[in-house]
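Have the model open as you read.

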Amino acid sequence: MDTPLFAAHALRKRFQDHTVVDDLSFAIRPGECLGLIGPNGAGKTTTLRMCLGLVRPDEGRIEAFGLHLPEDTLAIKQRLGVVSQFDTLDPDFTCAENLRVYGRYFGLSRQTLDARIGPLLAFAALDHKADAKPGELSGGMKRRLSLARALINDPDVLLLDEPTTGLDPQARHLMWERLKLLLQQGKSILLTTHFMDEAERLCNRLVLIDHGRKIAEGTPRALIEAHVEPDVVEVYGEGATELQNDPICQLAHRVEASGETLFFYTHSAAPLLQALQAHPGLRVLHRPANLEDLFLKLTGRQIRQEG
Amino acid sequence: MGSLRFWPVFLRNLLVWRKLAVPSLIGNIAEPLMWLVAFGYGLGSLVGDIALGERTVPYILFLASGSICMSAMNAATFEALYSAFSRMHAQKTWDGILNAPVRLEDILLAEMLWAAFKALFSVTAILAVMAALGLAQSWKLLLAWPLLLLVGITFSCIALIFNALAKGYDFFTYYFTLGLTPMMFISGVFFPSDQLPPWVQGLAQALPLAHAVALVRPLFLDHWPSQAGFHLAMLLLYASLAWLLALKLTRRRFGV
């Protein structure tokens, strides 16, 4: 196993009486995308802020590139790229100026910036918007400009806090494609998200947290195999919920109800599908188990307070 | 300090300002000059000369030398309150910068110096117009320039305390209405403060603006200020204590 580029050991953070991060450890290996996933309020953003030295952990330590927080904060940040949950672009500057001004915070020279700005705007599919201000950009364009800005110092590790929240499907797919390109180029990424399709597509490994604690860790496939039955049959439509007390449930390993839909988790779907043919009014969807099933199994289906 | 990391942040503000310079010029320069002309010539023709110690000076010169300090104070205060708060709170510019290798104290230093620079810019332009009007003639006024920069620094440090405490823009109204406006009236900007009750004079002496006026006014009249060391020390004391408090409160606000 490679030595990690970035590692957090036993982080703990309390705000007043509330423990938001509790004994959390993880490591980012070179070239991998590590996903930090969890419901709202699970402690993802606080963890990222601790990684940036913006919040000081009560316990635990963070190391990166052989350096330590908090004493080497600036040297560590010099090699990080950050896209925060909310855009902090400068509204008075054009896209190109946003990159230039941000690059100066890293002490980059004019020559370096001249050489980097064009290619980064092209990478973000914004080369035609170099002279536009953020106010003239769509949500997806703004996020891509934030990503380009985070790359201005050619960072080794990217910290991305919910990079596609609020974007339409086209914009999300374009963002994913760009992040995959970065991984191919050898960048390492720490990504927080609550979109399971995003985590499944991008992340090599996942750390699932809830109430500030790590509750599972591994590759998406291994996590699903370890925690969820391989086949899922979703049943919805008129009278679906009444099946909850039907003997048909014995054909599944586990049954969950969410609103008007029943989820049958099973190791072999064939007998169940056969039996469901007796209910032609119901709509049936048979699919392999995915990360969302795992997420819901481990964190529950109840709605969380915005955190 | 010992680092130049504040410089790119200062430069950022300068570049934004360059884009919006014309409207901000009007606010910072045209308005104080209108007041000066209207009150200086209008009221001055009623008031006549003002007795200052054993000398008398035309009212407009009295007003010009006091109001230039007020302009430095206002320009620095506006920038360090409203504009800095926009960048810190509404626009989240500071949060973006903090993700780069720049410390909170570097940002605060940049904001402080930027507000002081804007004060210096305003007073320079006002001094130029005063010179054209024949109000600013003494070569000693070259010394007023660094002094007014110090006035800008002092008031931007104080304003940054309120910036760190503010929940919204409304909060700044208290500082202006209950702090700066009464201070303006008791500090000898518009009329000599020796006509005020002794306790009010004592209060004015404990506040920074009176010391700024005491340093700058004599230079307009081609004299050297008396007790210059004391007045300078008062401004420096205000600036350094306010800076330390602003830094402490800003750190608390950002949880570091």
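## A helix pair in chain B

Let's start with handedness: H2(B) passes H5(B) in a right-handed crossing. Keep in mind that this is a predicted model. The two helices cover residues 21-47 (H2) and residues 104-132 (H5) of chain B, and their axes come within 9 Å, crossing at roughly 45°.

Which residues in H2(B) and H5(B) meet? On the H2(B) side they are B:Asn28, B:Ile29, B:Pro32 and B:Leu33, and on the H5(B) side B:Ser122, B:Ala125, B:Ile126 and B:Val129. By class, that contact has six nonpolar residues and two polar ones, with no charged residues.

## Where chain A meets chain B

Chain A puts 19 residues into the contact, and chain B also puts in 19 residues. On chain A's side, the elements giving two or more residues are helix H2 (73-77) and helix H3 (95-105). H3(A) gives the largest share of that side, with four residues.

## Domains of chain A

Chain A splits into domain 1 (6-219) and domain 2 (229-288). The C-alpha centres of these two domains of chain A are 40 Å apart.

How values were computed:
Residues numbered from 1 in each chain as written. Chains lettered and ligands numbered in written order. Predicted model: local features only at pLDDT ≥ 70, side-chain atom pairs only at ≥ 80, totals over all residues. Contact = placed C-beta atoms within 7 Å. Axes fitted to C-alpha atoms, helices over the stretch in contact; angles between N-to-C directions. Left-handed = near helix turned anticlockwise from the far one by under 90°. Nonpolar A, V, L, I, M, F, W, Y, C, P; charged D, E, K, R; others polar. Domains from an automatic or database assignment.
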